[in-house]
Each structure stands twice: as C-alpha cells, then as structure tokens.
Amino acid sequence: MVWNPKNNEIPDFTDIEQSFTRIQRYIHRTPILTSTQLNNIVEADIFFKCENFQKVGAFKARGALSAITSLPKRDLQRGVATHSSGNHAQALAYGASLFNISATIIMPRNSPQPKVDAVRNYGAKIIFCEPTQESREKMLKEFVDRSNAVFIHPYDNCYVIAGQGTCAKEFLESFESPNYLDYLIAPIGGGGLMSGTLIAAKHLCPKTKVIGAEPKGANDAYRSIRDNTIYPSINPRTIADGLLTSLSQRTFKIIKDNISEILTVEEESIIQAMRLIWERMKIVVEPSAAVPLGAILENPAMFKGTKIGIIITGGNLDLNKLPWQ
C-alpha cells in the first residue's frame, strides 16, 4: 500500500515552503562556493550550491525527509521502503533512523560498495536484486505487499520533489536580487531535483534560465523533451551513476512545461569538470555532480560573461575507482 494523497498532483512553491519548514532542523544549510580559477577558465561567474556537504553527502536527504515528515504517525509506524542504488537509499535510511522507524532498501547487486555500507550504517535493511528496473520494482512490490511498508519513490513523489526544491529555494534567496543569476544548471536523472528547482525558480526568479545537464550516453530526458514522449533509460553508458533513471510522467510534465534547455555532455567533459572541481576547489564531488560544469566547458560561447548557479548534487563515490585513474 502506497500512502501519497497527492499522488496525481504537481507540487507548487507553497509545498516547497512547507517542506522546508518541516525539514530544516534535520538538514544542513549548505554553503555557496566560488572559484576565481574556474571563473577565469570559463570566463563567467559561477556560484556552486554545495550539496556534497549535505546530510548523507547529497541533496537526496531533503526529499527523503520531506516525504517522511509528511507521513501521519500511523503510517510512520509501518516503516518505509524504496528501491535505489545510491543516494536516495542513504537518504531514506538516514531519515528513518532519525524517527526510529524501519527502512528497507531494494538495491541492485552491483551498487557501489561505499553506498551499500552507508545504508547499512544508518540501520536500514537491504534486499539485493538484479541490476534492472524490472527486478527493482518487482522485488519492492513483493516486499511492500508483504510488509505494508510505505513506498517512498526516489523522485516520482510530490513530497520528494518539494523537498528537493528547498535546495533551489535556499540558493536563489541568498542573492541580492531575484534575477541575479542568468542561468541555473542542475543535472537530470529521474527529474526530481530538476522539477523542484524549476518550481522554485519560476516563483523566485522567473527571468533566470534553468538548464538541465545530462550525460550524452544517458540522454533519455533530452530526447524525451525534444520529442514530447517519455523514453525509458535503456543501457545508459556513463560514469554519472546517479543519472541513470528515466523521467516519470510527473517529472516529465514539470520539466517540459518549464525548462529552458537540456544540454548533453560527453564523458570526457564530465571527467574534466570533476577533476577541475577537485583540484581547483579542493572539494569531493561525484561524477553526476560534475555534469553541469561539463556543460559549461562544452558551450563556452553560450555562457561567456554570464552569472551561473550550479547545484553540486553530491559527493558520494568509491575512492578506489576514480575516473581518471
């Protein structure tokens, strides 16, 4: 049984504000960093909202906590469950530990070991599945039917989307004027962060262009928006393991109706951007978080002389498998 009274709705900025009120005591207000060296390289002013410093090391803590704190007590007692190979798994496990409820995560057998370890360290139960969407969903349904746990989808959930939108809310409200940024760029996977970002930006800075960044080897969102139909993510080929999922009907509609553009990025540019952030800013980011900077590196004329906001989505990765090694 899935508890979600807004299952067929699109969240709005009021939902983001309410979500922020519920979760702010449990999350970090993450810093906004700049780098003179990177600005000189791209000939633009970039502001990085660093969600790699967020609880669990990723923005996903916001959405998971938004969903958990929206549940009535009787539903909290049933525990929560989801399928995820990474940051949402950690985020839900972390949120469940705060409220002393059970969390069960269906994880592909090939999930990165550091993320598996983190989920276990937060006290969640892991059930491994085959590394396919079909296997994930089948095993989750079987577990939820058996346990009556509450399924909290990684991104196709109004409360999750509203929670992710609190990142852009914090980011955009920190600038001296509403439309200070010319561009706001975030990665696109399943579309939860991008959906929340678009809703927040439309309310707070309607003149700022919101751009999605997606690996060229996993460009289902780009093709879906281009052709006005949802393409599943089939055999994606990218080191950006957080961007492998396809859009849902809900995130597709929000993105289609509001986004300025989606830029696709080559693997070489993702690696270059990731390494530049590590070397010039001295912070750890995962490949998915480097995709927006990769988009700027590939489109210098488009961004020259502008002010750009980038959401650094996370910093969780296996340090034994760095892409430049």
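Asn100 counts as exposed because its relative accessibility is 73%; exposed means over 50% relative accessible area, buried under 20%, and partly exposed in between, with a 1.4 Å probe and protein chains only. Asn100 sits in the loop between helix H5 (87–98) and strand S4 (103–108), where helices (H or I, at least four residues) and strands (E, at least two) are DSSP runs numbered from the N terminus. Although Asn100 is not a glycine, its phi is positive, about 55°. The model is predicted, so local features need pLDDT of at least 70 and side-chain atom pairs count only at pLDDT 80 or more, while totals for chains, interfaces and linings use all residues. Residues are numbered from 1 along each chain as its sequence is written, and side-chain values use heavy atoms, with hydrogens and water left out.

Glu43 also has a positive phi of about 55° without being a glycine. Glu43 lies in the loop between H2 and S2 and is partly exposed, because its relative accessible area is 47%. Helix H2 (residues 36–42) contains Asn40, which is exposed at a relative accessible area of 56%. From Asn40 to Glu286 the C-alpha separation is 23 Å, and the two residues are 246 apart along the chain.

The sheet comes next. An open sheet is formed by 6 strands in the order S1-S2-S10-S7-S8-S9, with mixed pairing; two strands pair if DSSP finds at least two bridges between them. Its edge strands, each pairing on one side only, are S1 (32–33) and S9 (261–265). S1 runs antiparallel to S2 (residues 45–50), and 2 bridges join them. Leu33 has Phe48 in S2 as its bridge partner. Helix H12 (residues 267–281) packs on the sheet, touching S1, S2, S8 (209–215), S9 and S10 (307–312), where contact means heavy atoms within 4.5 Å. The direction of H12 makes about 90° with that of S9; axes are lines fitted to C-alpha atoms, for helices over the stretch in contact, and angles run from 0 to 180 degrees between N-to-C directions.

How is strand S7 covered on its faces? In a regular strand the side chains alternate between the two faces of the sheet. Tyr183, Ile185 and Pro187 are buried on one side of S7, and Leu184 and Ala186 are buried on the other. Thus 5 of the 5 residues of S7 (residues 183–187) are buried. S7 pairs with S8 in the parallel sense over 5 bridges. Tyr183 has Lys209 in S8 as its bridge partner, and Ile185 stands opposite Ile211 in S8. S8 is mostly covered as well, with 6 of its 7 residues buried.

On a 1 Å grid over the protein atoms alone, a pocket is an open set of points with protein on both sides within 12 Å along at least five of seven lines, where a 1.4 Å probe fits, and lining residues have an atom within 4 Å of a point. Lining residues include Ile10, Pro11, Leu198, His203, Lys253 and Asp257. By class the lining has 5 nonpolar, 2 polar and 3 charged residues; Ala, Val, Leu, Ile, Met, Phe, Trp, Tyr, Cys and Pro count as nonpolar, Asp, Glu, Lys and Arg as charged, and the others, Gly among them, as polar.
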